Amino acid sequence: MTRSAISDEYLEGYADILAGVCATGRRLTRNELESLRARGERAAEAGLGLRHLVRRHLAAARELAPALSPAGADRVLAAVEQAVDAFAEGYERSQKLAVRQEEAARREFIDDLLYGRSDLGRLAERAERFGLLFSRAHAVAVAHGATPVDDTHPATRQVESALVARFGERRILLTTKDGRLVCIAPGDQGDVLAFFAKQAHAATDGGRVALGRAHPGAGGVVHSYEEALNALDLADRLELEEPVLHSADLLVYPVLTRDRQAMADLVRSALGPLQAARGGAQPLLDTLTTYFDSGCIAAEAARRLRLSVRALTYRLERIHKLTGNNPADPVHRYTLQTAVIGARLLGWPGNDV
């Protein structure tokens with residue numbers, strides 16, 4: 001069946017409507033308008049182009065023109081305007097419904113994928129529709145800004161446009177989850193996630209981005225996503241300043257906190273005596289944190305704390321006296337530094353451990 005014959009199906013009775021309008025001067029009835037809307041919906045579902053169908057409506061009206069008086073021509077033009085408007089309304093209604101259904105299916109897939117729900121075989125079938133092949137390993141990057149983002153947020157559109165312009169039809173999935181931007185890409189395409197990180201950091205006004213490691217299969221996507229989320233959480237608790245975090249660089253921290261009770265015991269034992277200091281433990285804990293972050297260089301630590309080197313040295317001596325551990329001694333330093341990391345992860349001394 002030709003394209004013209006197919007489109008004729010959606011114009012059935014249209015010429016009779018125009019003839020009736022021309023003869024009586026009436027407007028289209030409610031039933032006629034609803035019928036035109038329904039035909040527009042069916043045409044959209046059949047995949048026919050709206051411009052072609054509008055031209056066919058206009059061509060049908062043009063065939064009547066030679067036999068019309070000026071008054072009849074005006075009536076037909078008014079009827080054509082009503083008819084095309086109703087037909088296009090139905091067509092657009094169908095298109096919007098299809099878009100909403102596609103968005104709902106995509107959102108359901110994202111939820112099932114990132115929460116590790118649904119049958120893996122079924123999930124793999126759905127994944128290919130959205131550009132993922134679970135026969136390959138994938139890595140996930142997550143961007144978190146000061147304000148939540150969703151699929152319609154300008155930051156999402158900005159990052160998506162940049163990714164499409166740079167990488168075209170590569171198998172990349174960009175989405176949002178819980179107010180964060182999420183990018184899923186093949187694990188052997190680190191340039192994609194690095195570019196995403198740069199764009200997302202800028203689009204979220206300096207937001208932080210974390211990259212999980214590459215893992216195979218659908219479960220690997222979940223694993224990488226959770227690694228990225230954990231990296232963001234660690235960065236907040238440790239007050240890390242880096243805008244882009246790699247979960248592979250932070251693996252030591254989950255190891256340190258795997259036995260939470262043991263870490264809490266170390267914090268209480270090594271740092272608990274600091275609470276006896278004037279002003280409490282926090283100022284001396286901050287001193288230790290800055291000292292270790294400065295590579296144990298007293299002059300640099302003093303500069304960051306806006307203290308004199310003498311004042312910093314006094315604080316370190318006070319810590320030594322209270323805890324029995326000397327921050328300048330390599331053996332004691334390891335104990336204190338591990339305890340300081342544990343305190344930051346556990347929120348001590350603000351939280352009891």
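**Overall shape**

Reply: Start with the radius of gyration, taken over C-alpha atoms; the globule rule is 2.2 Å times the number of residues to the power 0.38. A compact globule of 353 residues would come out near 20 Å, but the protein chain here has 33 Å. One caution: this is a predicted model, where local features need pLDDT of at least 70 and side-chain atom pairs count only at pLDDT 80 or more, while totals for chains, interfaces and linings use all residues. Residues are numbered from 1 along each chain as its sequence is written, and side-chain values use heavy atoms, with hydrogens and water left out.

Me: What box do the C-alpha atoms fill along the principal axes?

Reply: Roughly 110 × 40 × 35 Å. As for secondary structure, the chain has 15 helices and 6 strands; these are DSSP runs numbered from the N terminus, helices being H or I with at least four residues and strands E with at least two.

Me: How much of the protein chain counts as buried?

Reply: Buried means under 20% relative accessible area, exposed means over 50%, and partly exposed is in between (1.4 Å probe, protein chains only). In this case 42% of the 353 residues are buried.

Me: And how do I read contacts by sequence separation?

Reply: A contact means heavy atoms within 4.5 Å. Among contacts in the protein chain with a separation of 6 or more, 69% are between residues 24 or more positions apart.

Me: Which residues touch the most other members of the largest nonpolar core?

Reply: In soluble globular proteins, nonpolar side chains tend to be buried together. A nonpolar core here is a set of buried Ala, Val, Leu, Ile, Met, Phe, Trp, Tyr and Cys residues joined through side-chain atoms within 4.5 Å. The largest one has 30 residues, and Phe109, Leu113, Leu114, Leu132, Phe134 and Ile184 touch the most other members. Several elements supply at least two residues each, including helix H5 (70-114), strand S3 (180-186) and helix H9 (217-238). H9 gives the most, with 9 residues. There's also a second, separate core of 24 residues, with Leu271, Leu312, Ile319 and Val340 among them.

Me: What does Leu114 contact beyond its neighbours within four places in sequence?

Reply: Lys177, Val182, Ile184, Val221, Val222 and Tyr225.

Me: Is Leu64 buried or partly exposed?

Reply: Leu64, in helix H4 (residues 50-64), is partly exposed because its relative accessible area is 27%. Setting aside neighbours within four places, Leu64 contacts Leu18 and Ala19. Its C-alpha atom is 8.6 Å from that of Ala15, 49 residues apart along the chain.
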